[in-house]
Amino acid sequence: MNRRSGNMFKRIRKGNCMEKLIILGTGNANVTRCFNTCFAIQAREDEYFLVDTGGGNGILAQLEKADIPLTQIHEIFLSHEHTDHLLGLIWLIRMIAAKMKQDQYQGDLNIYCHANLKQTILTIAKLTVQDKFFALIGKRIFIHTVADGETRRILDYDVHFFDIRSTKAEQYGFDLTLQNGRRFVFVGDEPYRAHEYELARGADWFLHEAFCLYSQADVFKPYEKHHTTVKEACETAQMLGAKNLILYHTEDRNIQNRKALYSKEGGAYYSGNLFVPDDLDVIAL
Ligand SMILES: [Zn+2]
């Protein structure tokens, strides 16, 4: 048994068996060989906290493949306005509203985002979703705005939101303490910034983008897009003392060998557990 599976085994035995991270997509905005980066935290046997929604209707396929019914999604966080994160939400609103109308969905749908994102969601939904479904917004579909530093109770978690201070589009990340006591930190789809130090230091789970390999930076040009590489993400996680690092939001030209290539490059800079998931991988938290 290698070191990683040994740790996972311990995690599963010690923690809440139900607490899992389900990776729905791992790609950046332009990918065609995997889905855009989004994931769900399975908090209980039958409830999920969905984080970002990918770039469209493909979210429905990913949820189906991951065996996550729409009826078990009541909490969604949207990090920022970019197409690869937001447009799937319009589909979820449409599909869940239809289920509400047909009495096939219990309870309300809660969407969390920063204040400036609310109007964007409302505008796109208003223009593209049928009136009878749009009318449920404010009645059973609620868009909750969160401020920098605000904490909200979502499922079994106190979710603390923070502004990642993007220079491209206003974006929020979050951190939370899992039921097993471990700290989970999501800094969105841009590189870690120094103001996040206190939140991310010593994280048990640190989720960070890696646009491509450092050795292929000249091909993919991550820096012009305000992204970073496997090497830098790993150096950051090492500096922070993060115990587990999950890399996502990558290019997809290396998709067949991505796990091996990224793990090899990253292992030279990071001594914790490095995860380079494929779409639909499930990680015991
Ligand atoms: Zn993105």
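Mentor: A residue is buried if 20 or more other C-beta atoms lie within 10 Å of its own, and exposed if 12 or fewer do. The model discussed here is predicted.

Trainee: Which residues of helix α9 are buried, and where on the helix do they lie?

Mentor: Helix α9 spans residues 258-267, and its buried residues are Arg258, Tyr262, Glu265 and Gly266. Seen down the axis of α9, these buried residues fall within an arc of 95 degrees, so they line one face of the helix. An α-helix has 3.6 residues a turn, so residues three or four places apart point the same way. Ala260 and Gly267, on the other side of α9, are exposed, which leaves the buried face to Arg258, Tyr262, Glu265 and Gly266.

Trainee: What covers the buried residues of α9?

Mentor: The cover includes one helix, α8 (230-240). It also includes two strands, β12 (244-248) and β13 (273-275).

Trainee: Is Phe174 buried or exposed?

Mentor: Phe174 sits in strand β9, residues 172-177. Its contacts beyond four places in sequence include Val159, Phe161 and Phe186. The C-alpha atoms of Phe174 and Val159 are 6.5 Å apart, although 15 residues separate the two along the chain. Phe174 has 26 C-beta neighbours inside 10 Å and therefore counts as buried.

Trainee: Which strands are the edge strands of the open sheet?

Mentor: Seven strands form this open sheet with mixed pairing, in the order β6-β5-β4-β3-β2-β1-β14. Each edge strand pairs on one side only, and the two are β6 (141-146) and β14 (282-284).

Trainee: What is the bridge partner of Ile41 in β3?

Mentor: Strands β2 (residues 38-44) and β3 (residues 47-51) pair in the antiparallel sense over five bridges. In β3, the partner of Ile41 is Phe49.

Methods. Residues are numbered from 1 along each chain as its sequence is written. This is a predicted model: local features need pLDDT of at least 70, side-chain atom pairs count only at pLDDT 80 or more; totals for chains, interfaces and linings use all residues. Two strands pair if DSSP finds at least two bridges between them. Helices (H or I, at least four residues) and strands (E, at least two) are DSSP runs, numbered from the N terminus. The arc is that of the directions from the helix axis to the C-beta atoms. Two residues are in contact if their C-beta atoms, placed from the backbone, lie within 7 Å.
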